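Hello,

Here is the structure I promised to pass on to you. Please open it beside this email, and then read on for what turned up in it.

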Amino acid sequence: MERKTGRLTSGDFAALCGATKETLRHYKDLGLLLPAHRGENGYFYYDAEQFYDYYAIAIFRQTGTPLEEIRRCLRGQDAAGTLERLREQRVRLEAERRKLEQMEFVLSGMIGGLELGAEPDLVPRTARFEAEHLLALPAEELEGLMDPGAEEDAMLMTVLERCRTLCREYGLRTDYRLGAIHRPGEPAGPGTVSHLTMRLAERTDCPYYWEKPAGTYLLLCCRGRWDLTQGYAALARHIAEKKLKTWGRVYACDLAGFILNGVESNAATVLSVRLAEKP
């Protein structure tokens, strides 16, 4: 790195900061970070200590601090005022972190769902799954919130409104991907749903929390159809033919979600039931 009597050229200082000369020029024009020296040759030079000024500006800008506030903070060098601003920025960063975590949760779920939804239609297979966290809304409770004979859109609106209320009340993060849990001891089908579900990011003390346990599952993808009758029949037939022993509930989960499910040919749902562990 070339130095001029202990000073750094704009190019050298930009390299030290991991920035560009254009960024330094922009900060200079805004009055945020002025070169410490001007040489006899007319060129501007920075001191190495100004790295910390640049670093502070970069941190404040990334947290959305207005330029005038940054300018006052750097010029005033007021410890109490700076502490207050830093605390404000931490609150903003925490809010941004929660947003990014939610986005990552939604996107990772959609990627995993679409990858799983690429499986052949109505072909059973087994797979190992980790525990999954669900918000499980009892079907009877939801029916009590709706008018008798309500249409499907009204039912969906009721589910979404109830889910949003619980998410606000308990601080839950969901991707709003619909699923269903079927009553035990009955052949799974559209008429045997005990709960409607939505995936959660983590375990919670919400009374509607449900853990789909880890284990080896028999699963089957229904592709290109909203009516899952064939899927339930194919799953039951495979269990009977192979004399498989299952444990717990049958789960259904939408895989295409809000991105693709508006067109029936894109629809993808997975049906799954946990297989009993061999002794």
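Which residues form a nonpolar patch on the surface? They are Leu100, Met103, Leu107 and Ile111, and together they have about 400 Å² of accessible area. The areas come from the Shrake-Rupley method with a 1.4 Å probe, and for residues only the protein chains shown count as cover. A patch takes residues with over 30% relative accessible area and no salt bridge; like charges are joined within 9 Å, and nonpolar side chains (Val, Leu, Ile, Met, Phe, Trp, Tyr) within 5 Å.

Before going further, a word on the ground rules. This is a predicted model, in which local features need pLDDT of at least 70 and side-chain atom pairs count only at pLDDT 80 or more, while totals for chains, interfaces and linings use all residues. Residues are numbered from 1 along each chain as its sequence is written, and side-chain values use heavy atoms, with hydrogens and water left out.

**Along helix H5**

Helices (H or I, at least four residues) and strands (E, at least two) are DSSP runs, numbered from the N terminus. Ile111 has a relative accessible area of 48%, so this residue is partly exposed. In these terms, buried means under 20% relative accessible area, exposed means over 50%, and partly exposed is in between (1.4 Å probe, protein chains only). Gly109 is also placed in helix H5, but with a relative accessible area of 7% Gly109 is buried. Between the C-alpha atoms of Gly109 and Leu135 there are 15 Å in space, and the two are 26 residues apart in sequence.

Helix H5 (residues 79–117) also holds Glu94 and Arg97, 3 residues apart, about one turn of the helix. Their side chains meet in a salt bridge, at 2.3 Å from N to O. A salt bridge here is a side-chain nitrogen of Lys or Arg within 4 Å of a carboxyl oxygen of Asp or Glu, and by this rule the count comes to 11 salt bridges.

Glu94 has another such partner, Arg98, at 3.5 Å from N to O. Glu94 and Arg98 are 4 residues apart in helix H5, so about one helical turn separates them. Arg97, in turn, forms a salt bridge with Glu101, the closest N and O atoms being 2.4 Å apart. Glu101 and Arg97 are 4 residues apart in helix H5, again about one helical turn. Through shared partners, these salt bridges join Glu94, Arg97, Arg98 and Glu101 into one network.

How accessible are the members of this network? Each one has its own value:

- Glu94 is partly exposed at 29% relative accessibility.
- Arg97 is partly exposed, with a relative accessible area of 36%.
- Arg98 is partly exposed at 44%.
- Glu101 is partly exposed at 31%.

**A pocket**

Rolling a probe the size of a water molecule over the atoms shows where empty space is left. On a 1 Å grid over the protein atoms alone, a cavity is a set of points where a 1.4 Å probe fits but cannot get out, whereas a pocket is an open set with protein on both sides within 12 Å along at least five of seven lines; lining residues have an atom within 4 Å of a point. The second largest pocket has a volume of about 420 Å³. For volumes, grid points are joined across faces, edges and corners, and the volume is the space filled by probe spheres set on the points.

This pocket is lined by 27 residues, and Leu116, Phe129, Glu132, Lys212 and Cys253 lie nearest its centre. Which element gives the most to the lining of the second largest pocket? Helix H5 does, with 5 residues. By class, the lining has 15 nonpolar, 7 polar and 5 charged residues. Here Ala, Val, Leu, Ile, Met, Phe, Trp, Tyr, Cys and Pro count as nonpolar, Asp, Glu, Lys and Arg as charged, and the others, Gly among them, as polar.

**Two backbone angles**

Most residues other than glycine have a negative phi. Tyr176, in strand S7, has a positive phi of about 60° although it is not a glycine. Lys243 has a positive phi near 55°, and its place is in the loop between helix H8 (229–241) and S11. Tyr176 is partly exposed at 34%, whereas Lys243 is exposed at 71%.

Happy exploring!
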